[in-house]
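Subject: Structure for your review

Dear colleague,

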Amino acid sequence: GNKDSAGKALPYLDGLQYSVVKDVNAQLATFLAGNSDLHAPANRDQLAQIVAAKNSGKLNVDVLANAGPGASVDFLYFNWNKSSDPFKQALFRNPKFRQAMSQLMNREQIIDQVLGGLAVPAYTSVYPLYNDWVAPNVDKYKFNSAAASKTLDALGFKKRGADGIRVDAKGNRLSFTLNTNSENNRRQQIANIFKDEAKKIGVEVKTAFVPFNQ
C-alpha cells in the first residue's frame, strides 16, 4: 500500500462511514449540510452550488474541478434474451441496428446540457480514462441522424405509419422501451435527449423510470 516518508500507511483514516441517501439531489443536500465529507458533482449546476457555499463561507471545502475523467460511464444496452418477442430479439442482435442507435446518441449535447461540460464522449466499453486500452482506430459511430436513418432504411424500415413511426414490411413498429433508475435524474435527462433524437427519424423510444432495487 501507499506510505508516507516516515513509512506510515496512507491515508490516515481511523474509519470510513457510508451514508445511503435516496437520489443524487439528496446526496448533494447531504454534502451541503455538512453531513458528508466527499461528493462527486453530477453536473455543472451541482459544482456551482458547492462553489457558492464555499465562497459564502457556509462550507469549508476543497474543490477539485476537472481533476480528470472518472472510471465510470453511462451506457445503453439492448436485451438479447427476448425469445418471447422474436422481432425485437433479431433487431437487438443486429449490429447495424445498434450502430444506428449509437448515431442517435447526441453525446456532445448530453455533455453540454446534462453534465455541464464535465465529461468526455465514450465509444467503447472501456472507460476513456483507460485510453491505453482503447484501440486507436476503433470505429466510432458518432451522432449522425442522416446516417442512422439510412441504416434503418437498409434494415427494411423505410415506411412510416400514420403516427410517424417506422414499420417494416410485416408492419412491425420500430418501438422499444428504455428503462433507467428513477433516483438518477442525470440518466433520465440522457434518456430523454436520446428519445427526442430517435423520434425525429421515426423511432419510438418509450422511457420508464423505475426504482433501482426493482
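At roughly what angle do the axes of helix α1 and α2 cross, and within what distance do they come? In this predicted model, the axes of α1 (residues 24–32) and α2 cross at roughly 10 degrees and come within 11 Å. Angles under 35 degrees count as roughly parallel, and α1 and α2 are therefore described as roughly parallel to each other. On the α1 side, the residues that meet α2 are Val24, Asn25, Leu28, Phe31 and Leu32. Their counterparts in α2 are Gln46, Gln49, Ile50 and Ala53. Sorted by class, this contact of α1 with α2 holds six nonpolar and three polar residues, and no charged ones.

The segment before α1 deserves a brief note, as Pro11 is found there. The peptide bond from Leu10 to Pro11 is cis, and its omega is near -5 degrees.

The contact of α4 with α6 is made up of five nonpolar residues, one polar and one charged.

Helix α6 also contains Ser149. With a relative accessibility of 18%, Ser149 counts as buried, because the cut-off for that class is under 20%. Apart from its neighbours within four places in sequence, Ser149 is in contact with Arg166 and Ile201. Between Ser149 and Gly202 there are 8.6 Å from C-alpha to C-alpha, although the two are 53 residues apart in sequence.

Turning to the aromatic residues, how many aromatic pairs does the count come to? The count comes to nine aromatic pairs. In one of them, the ring centres of Phe78 and Phe92 are 5.0 Å apart and the planes stand at 45 degrees, so this pair is tilted. Phe78 lies in the loop between α2 (44–55) and α3 (86–92), while Phe92 is in helix α3; the pair links distant parts of the chain, 14 residues apart. Phe78 and Phe92 are both buried.

Another aromatic pair, that of Phe97 and Phe176, is edge-to-face, with 6.2 Å from centre to centre and 85 degrees between the planes. This pair also links distant parts of the chain, since Phe97 belongs to helix α4 and Phe176 to strand β3 (residues 175–181), 79 residues apart. Both partners, Phe97 and Phe176, are buried. Ring pairs link Phe78, Phe92, Phe97 and Phe176 into a cluster.

Finally, Asn79 is found in the loop between α2 and α3. Is Asn79 buried or partly exposed? Its relative accessible area is 40%, so Asn79 is partly exposed. Asn79 and Ser125 are 46 residues apart in sequence, and their C-alpha atoms are 16 Å apart in space.

With kind regards

Technical notes: Residues numbered from 1 in each chain as written. Predicted model: local features only at pLDDT ≥ 70, side-chain atom pairs only at ≥ 80, totals over all residues. Heavy atoms only, no water. Nonpolar A, V, L, I, M, F, W, Y, C, P; charged D, E, K, R; others polar. Phe/Tyr/Trp six-rings, centres within 6.5 Å; stacked < 30°, edge-to-face > 60°. Helix = DSSP H or I, 4+ residues; strand = E, 2+ residues; numbered from the N terminus. Buried < 20%, exposed > 50% of the residue type's maximum accessible area, 1.4 Å probe, protein only. Axes fitted to C-alpha atoms, helices over the stretch in contact; angles between N-to-C directions. Parallel < 35°, antiparallel > 145°, perpendicular 65-115°, else oblique. Contact = heavy atoms within 4.5 Å.
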